[in-house]
Amino acid sequence: MKLDYNCIRDVLLYLEDNLKINEPLHSKNIELDYSFETIQYSVFKLEEAGYIQAQIIVADGLDKTAIINDITFYGHEFLNTVRPKTVWENTKDVSVKLGVKSISALSQIASQIATQLIKKELGL
């Protein structure tokens, strides 16, 4: 299965808006314009990458789901870097040109793009 990086970003944005302290969110309740399977897979990979704190639950050895408790510090750092639409769009363009598509590579690209935009804004 392919990892949809737009969905990764959108899931983090959704969680940021909808998670509350001591009120976990079931991954099946995430409502975004992606297939159920794409959202679930993104949640599992975000947990695996350490960007969210979640309990992965497997029922009857087949039905896999997640109870999401929080976004980690690293998840917030990634999200804050790719939050601006201009940074995100430029990040995706650069990643396609370079042929790299990992969360760590996207994070590095986004950081560099954000740095360039800051320098430009400051006239440096």
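This is a predicted model: local features need pLDDT of at least 70, side-chain atom pairs count only at pLDDT 80 or more; totals for chains, interfaces and linings use all residues.

Biologist: How many residues apart are Lys92 and Glu89 in helix H4?

Modeller: They're three residues apart in helix H4, so about one helical turn separates them.

Biologist: And is Lys92 buried, partly exposed or exposed?

Modeller: Lys92 is partly exposed, with a relative accessible area of 21%. Buried would mean under 20%.

Biologist: Which residues are joined into one network with Lys92?

Modeller: Lys85 and Glu89. Salt bridges with shared partners tie Lys85, Glu89 and Lys92 together into one network. The side chains of Lys85 and Glu89 meet in a salt bridge too, at 3.9 Å from N to O.

Biologist: Where do Lys85 and Glu89 lie?

Modeller: Both are in helix H4, which covers residues 85-98. They sit four residues apart, about one turn of the helix.

Biologist: What about accessibility for Lys85?

Modeller: Lys85 has 54% relative accessibility, so it counts as exposed, because the cut-off for exposed is over 50%. Glu89 comes out at 30%, which makes it partly exposed.

Biologist: OK, stepping back. How many salt bridges does the structure hold?

Modeller: Six salt bridges. One of them pairs Asp63 with Lys28, where the closest N and O atoms are 3.1 Å apart.

Biologist: Which parts of the chain does that pair link?

Modeller: Distant ones. Asp63 is in strand E3 (residues 63-71), while Lys28 is in the loop between strand E1 (25-26) and helix H2 (36-48). The two residues are 35 residues apart.

Biologist: How accessible are those two?

Modeller: Asp63 is partly exposed at 38% relative accessible area. Lys28 also counts as partly exposed, at 37%.

Biologist: Let's change topic. How many helices and strands does the chain have?

Modeller: Five helices and three strands. Starting from the N terminus, the order is α-β-α-β-β-α-α-α.

Biologist: And what box do the C-alpha atoms fill?

Modeller: Roughly 55 × 30 × 25 Å, taken along the principal axes.

Biologist: What share of the residues count as buried?

Modeller: Of the 124 residues in the chain, 36% count as buried. As for contacts, if you take those with a separation of 6 or more, 55% are between residues 24 or more positions apart.

Biologist: What about the surface?

Modeller: The accessible surface of the chain is about 7700 Å², and 50% of that belongs to carbon and sulfur atoms. There's also a nonpolar surface patch of about 370 Å².

Biologist: Which residues make that patch?

Modeller: Ile118, Leu122 and Leu124. Leu122 lies in helix H5, residues 103-122, and is exposed, with a relative accessible area of 59%.

Biologist: Last one: how many positive and negative side chains are there?

Modeller: The chain has 13 positive and 17 negative side chains. The centres of the two sets lie 8 Å apart.

Biologist: Nice, and which residues should I click on to find the network again?

Modeller: Lys85, Glu89 and Lys92, which salt bridges with shared partners join into one network.

Terms used. Residues are numbered from 1 along each chain as its sequence is written. Side-chain values use heavy atoms; hydrogens and water are left out. Buried means under 20% relative accessible area, exposed over 50%, partly exposed in between (1.4 Å probe, protein chains only). Contact means heavy atoms within 4.5 Å. Accessible areas come from the Shrake-Rupley method with a 1.4 Å probe; for residues, only the protein chains shown count as cover. Lys and Arg count as positive and Asp and Glu as negative; His and the chain ends are not counted. The place of a charge is taken as NZ of Lys, CZ of Arg, CG of Asp or CD of Glu. A salt bridge is a side-chain nitrogen of Lys or Arg within 4 Å of a carboxyl oxygen of Asp or Glu. Patches are made of residues with over 30% relative accessible area and no salt bridge: like charges are joined within 9 Å, nonpolar side chains (Val, Leu, Ile, Met, Phe, Trp, Tyr) within 5 Å.
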